[in-house]
Amino acid sequence: MTFKTIHTIAGLQAISEAQTAGSPINLTEMAVGDGNGNPVEPVESQATLVRERFRAAVNRVYQDSTDATRFTAELVIPASEGGFTLREVGLFDDQGTLFVVGNLPETYKPESSEGSFADTVVRVEFVCSNASIITLQVDPNVTVATQTWISNNITAGALIPGGTTGQVLKKKSNTDGDTEWGDPDTANVTVDVIAEQQTLADSQVIVDLTQTTTYGLAVYIDGLRLNQGSGSDEWQPDEVIETRLTLGQSYVAGTKILCVQNEPAGSAPAPLERNKNLQDLADKPTARTNLEVHSKTESNAAGQPGDIKYTARQTAPTGWLKANGAAVSRTAYAALFSAIGITYGAGDGFSTFNLPDLRGEFMRGWDDGRGVDGGRALGSTQSDDLGSHSHSASTNSTGGHTHSGNADSAGAHSHSASTGTTGAHTHSYKDTFFAEYNGSTKGADGRLHEAQSVGSGDSDTDNNYKPYMNRTTETAGNHSHSVSVGNAGNHSHNLSINSAGNHSHSVSVQQSGGSETRPRNIAMLALIKY
C-alpha cells in the first residue's frame, strides 16, 4: 500500500478563496483515526476521517528550510492517550474544514496502563504553491518540544549569554560549565573537514576519490559508517594510490557513498558505533555483567511469554502484565499473542486480544488426557462444586408411650403324660365278715350285721343267714410319684402389636461452612510474562 497525504476538495477550495481574498488559512487541529479497523485510502471527497480516535490542537506548523512551498504540521499524542491503531490522519482549519487527509502505516498506540511512557509525534507534510496564505503556528500554550527539535535548535549559543559575531564557545578547563567565548583564530590548530559524495554503480567495490585522500578518512554508506578493515562491511585504503579505496562488498546501483576527510574521529573506528547496535562490543558477557542485565537466553530461562507467576507487590514488574483479563495490543505484545492467541478472548477481534483473568481464582492443572478431570479445554473454567459426603443426624424423643399387643390361640392340642414308678412296695388289708339276713346285710336297725363264724351261736336252721366277707386295703403311708409331660411338637402363636396412633419424630441436620468451598489461602497478584 502507498502512503500519502492529499488535499481534500474543501481544502483546495479554501486555498483558492484565500488566494483570491488574501486572507490566511489557519490550521488549528489535527486528528488521527483507526480506519474503522481496516487500512484506508485517502480520497479528495472526504470531509471527516473514517473513524476518528484522537484530536488535539496543532503542536506547530512550520515551513521547510529548503523548499518554501513545503509545510509540516505536527501533532503530539500524550503517553496517557492510546489503546488504538493509527491508520489515518487529518489536518483541520479554524472553520472545521478537513484541509488535508492521509493514511499511515499501521501503528498501535498503547496507553499508559499498557506500558506507554512517551508521547507520540505525528507529522503531516503538504505543499502549497502560495506560501504566504499558510499561517505558521507555534503557540507556546500548546507546543510540546520534541527531542529532535531540541537537538536541532537549542544550542550553547542560544542559551549562554555573551560573545560576539564569529566567536565560538570554548572550554577553559575540564570542569563542567567552565567555558568562555573566544575568536576561532585563537585555536592552535584549525583543520578543515572535506566531504565527497559519490553514487555507486552495480557491483562496484573500487572507489577513486577526487577531492579527498584516504588519510584520515571516514566512509559512510547510506548514512552508516564503515570501519576500516578487511571485513565484508568494512573498507581498505589502497597501498599505492592514496586517493583509492576498496569496499569489502558491492552495493546496489544508486547507493550513496560519503567520504569525509579530517572528521574528528578520523579513520580510527569508534569504540561503539550507533549503527552496530552493540555488536562491536569486545566482551558481551562482561558488558552484561557490568550492566547487571541478562542475555536473551538467560531472560528466556527466567520466563517465557505466557508464563504465570504470583507476586507480593501490587504492580506488575517490567516484562510482566497483570493477569486481569484486559484486552491488549496484538502488535505491542506480539510474543505473548503468538504464545496464547485468543484462548482467553479475542479482544476487539482485530488489533487486541485478552489476557487470562486470574483475579480471585484457584488454578488447577490441565488434565491433558490423564482422565482425572477430563473433557476440558486449556483455559476453561469450572464453577463451585462439593464432593459427595454425609452428615450425622439425630431425632428428638416423643416422650414415653406404649404399644398394646395380643397373641391368638394356637388351636386345640394335647400333651401326653406318664408317672414314674416308685419302686416295689406292699399295702396291708383288713377282712370284715358279715352275713345277709333275709336277703339284707343290714339289720332292722340299719346296721350291717357282721357274720359270725360257725359255732358262734348263730343258727342257720331256717337258712336266713348267708355269710359275706368285706376286705379293705390299709394306707401305705406318704409317698410320691413323678409325672412327665410329653412334647406336643413344634407350633407357633401369632402376635399382633396395635398401633400407638399417628405421631412424628423431628430430625435436625446442622449446617456447616460459609459462602464458598475453599482451602486455607493467601491473596497474591497473578502475573503473565509477555
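**Entry 1**

The model is a predicted one, in which local features need pLDDT of at least 70, side-chain atom pairs count only at pLDDT 80 or more, and totals for chains, interfaces and linings use all residues. Residues are numbered from 1 along each chain as its sequence is written, and side-chain values use heavy atoms, with hydrogens and water left out.

I then read the pairing of strand 5 (residues 70-77) with strand 8, which is antiparallel over 8 bridges. Two strands count as paired if DSSP finds at least two bridges between them. Strands themselves are DSSP runs of E with at least two residues, helices are runs of H or I with at least four, and both are numbered from the N terminus. Strands of a sheet pair through backbone hydrogen bonds, either parallel or antiparallel.

I traced an open antiparallel sheet of 3 strands in the order 4-5-8. Strand 4 (60-63) and strand 8 (120-127) are its edge strands, each pairing on one side only. On average, neighbouring strands here are turned by 20° against each other, direction ignored. For such angles, axes are lines fitted to C-alpha atoms, for helices over the stretch in contact, and the angles run from 0 to 180 degrees between N-to-C directions.

**Entry 2: the sheet 1-7-6-2-3**

I followed a further open sheet, in which 5 strands are ordered 1-7-6-2-3 with antiparallel pairing. Strand 1 (5-7) and strand 3 (52-57) each have a single partner strand, so one side of each lacks a neighbour in the sheet. Neighbouring strands of this sheet are turned by 20° on average, direction ignored.

I noted that helix 1 (residues 9-21) packs on this sheet and touches strand 1, strand 6 (84-93) and strand 7 (98-109). The direction of helix 1 makes about 135° with that of strand 7. Contact here means heavy atoms within 4.5 Å.

I also checked strand 2 (residues 27-33), which pairs with strand 3 in the antiparallel sense over 5 bridges. The bridge partner of Glu-29 in strand 3 is Ala-57.

**Entry 3: salt bridges**

I asked how many salt bridges the rule gives. The count is 14, where a salt bridge is a side-chain nitrogen of Lys or Arg within 4 Å of a carboxyl oxygen of Asp or Glu. Side chains of opposite charge can pair when their charged atoms come close.

I found Glu-29 again in a network of salt bridges with Glu-52 and Arg-55. Between Glu-52 and Arg-55 the closest N and O atoms are 2.9 Å apart. Glu-52 is partly exposed at 36% relative accessibility, and Arg-55 is partly exposed at 33%. The classes are buried for under 20% relative accessible area, exposed for over 50%, and partly exposed in between (1.4 Å probe, protein chains only).

I next examined Arg-87 and Glu-106, whose side chains meet in a salt bridge at 3.1 Å, N to O. This pair links distant parts of the chain, with Arg-87 in strand 6 and Glu-106 in strand 7, 19 residues apart. Arg-87 is buried at 3% relative accessibility, whereas Glu-106 is partly exposed at 47%.

I recorded a salt bridge between Asp-373 and Arg-364 as well, at 3.5 Å, N to O. Asp-373 is buried at 11%, whereas Arg-364 is exposed at 52%.

**Entry 4: positive phi**

Which residue between strand 13 (217-221) and strand 14 (224-228) did I look up? Asp-222 lies in that loop, and has a positive phi of about 50° although it is not a glycine. Asp-222 is exposed, with a relative accessible area of 54%.

I found a positive phi of about 60° at Glu-292, also not a glycine. Glu-292 sits in the loop between helix 4 (284-291) and helix 5 (296-302), and is exposed at 73%. Most residues other than glycine have a negative phi.

**Entry 5: whole protein**

I closed with the totals. The protein has 6 helices and 30 strands, and buried residues make up 24% of its 530 residues. Among contacts with a separation of 6 or more, 70% join residues 24 or more positions apart.
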